[in-house]
Amino acid sequence: TLVVGGGRVLERLDPPIMQVTVTGNLLNLDSAAIVSWVEGQITGGVLRTDLRRLQVQLQERPWVASVAVRRQWPDVLHISVQERVAVARWNDEYLLTAQGEGFKPQQSPVAVTLPRLSGEDANASEVLQQFGWMQTQFSTMGLAVVAVSKAQRGAWQAEVEAVAIDDSAVPAAIQVTFGTQVLAEPLGRFS
């Protein structure tokens, strides 16, 4: 009887999870898909569910920058997700965050509208930083930077196009090669 009674006490202390909530500003992740996946991972009650394991597995998803999983008595799991924000494409294979972190989602409809950056993987942050600097410089001339690359030997190249005034104008791309010198000098001559 003690074992049976102990089981009933455990059932009352560890009720099954009845609700999973997902919060966060999600643009590329589907909260319903996350809820469905989490529900499929739950094997115990609210106390026996391994929150750390869920958090680690969710963190492995490409679009997830950070995730927190917490329980709420008696039967709720709360998942807070911060999504990665892609600011550029890297070597036509990865996406880059503003911090220069590369990630590779299975599919990304947003990628086609992002600037193209390329170079050696170790130079991703430097190329991203130069892109930002070039974008600032060229925007004063009515141009938008759509691609930046750094060659293995250090030469820089940018592709710029005129900022469209209306939707009917098709922008023409211009290739600008800078060489390996400090970029401020040749860009100053360009304006």
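1. A salt bridge (a side-chain nitrogen of Lys or Arg within 4 Å of a carboxyl oxygen of Asp or Glu) joins Glu93 to Lys104, with the closest N and O atoms 3.4 Å apart. The two residues link distant parts of the chain, 11 residues apart, since Glu93 is in the loop between strand E4 (88–90) and strand E5 (94–96) and Lys104 in the loop between E6 and strand E7 (116–118). Helices (H or I, at least four residues) and strands (E, at least two) are DSSP runs, numbered from the N terminus.

2. Before going further, please note that this is a predicted model, in which local features need pLDDT of at least 70 and side-chain atom pairs count only at pLDDT 80 or more, while totals for chains, interfaces and linings use all residues. Residues are numbered from 1 along each chain as its sequence is written, and side-chain values use heavy atoms, with hydrogens and water left out.

3. On accessibility, buried means under 20% relative accessible area, exposed over 50%, and partly exposed in between (1.4 Å probe, protein chains only). Glu93 is partly exposed at 42%, and Lys104 is also partly exposed, at 46%. Lys104 has a further contact to report, lying over the face of Tyr94 at 5.8 Å from the ring centre; a charge sits over a ring if NZ of Lys or CZ of Arg is within 6 Å of the ring centre and within 35 degrees of the ring normal. By that criterion the charged end of Arg61 sits over the ring of Trp37, 5.0 Å from its centre.

4. The whole structure contains four salt bridges, among them one between Arg48 and Asp14, whose closest N and O atoms are 2.4 Å apart. Arg48 lies in the loop between helix H2 (31–41) and H3, and Asp14 in the loop between helix H1 (2–13) and strand E1 (19–23), so this pair ties together parts that are 34 residues apart in sequence. Arg48 counts as exposed, at 54% relative accessibility, whereas Asp14 is buried, at 3%.

5. Another of the salt bridges is formed by Arg116 and Glu159, with 2.8 Å between the closest N and O atoms. Because Arg116 is in strand E7 and Glu159 in strand E9 (residues 156–162), the pair ties together parts that are 43 residues apart in sequence. Arg116 is partly exposed, with a relative accessible area of 29%, while Glu159 is buried, at 14%.

6. There is one aromatic pair. Its ring centres, in Trp63 and Phe103, are 5.0 Å apart and the planes meet at 70°, so the pair is edge-to-face; rings of Phe, Tyr and Trp (its six-membered ring) pair if their centres lie within 6.5 Å, with planes under 30 degrees apart counted as stacked, over 60 as edge-to-face and the rest as tilted. Trp63 and Phe103 are both buried.

7. Turning to the sheet, three strands form an open sheet in the order E1-E3-E2, with mixed pairing, where two strands pair if DSSP finds at least two bridges between them. E1 and E2 are the edge strands, each pairing on one side only. E1 runs parallel to strand E3 (residues 76–83), and five bridges join them; Val20 has Leu77 as its bridge partner in E3.
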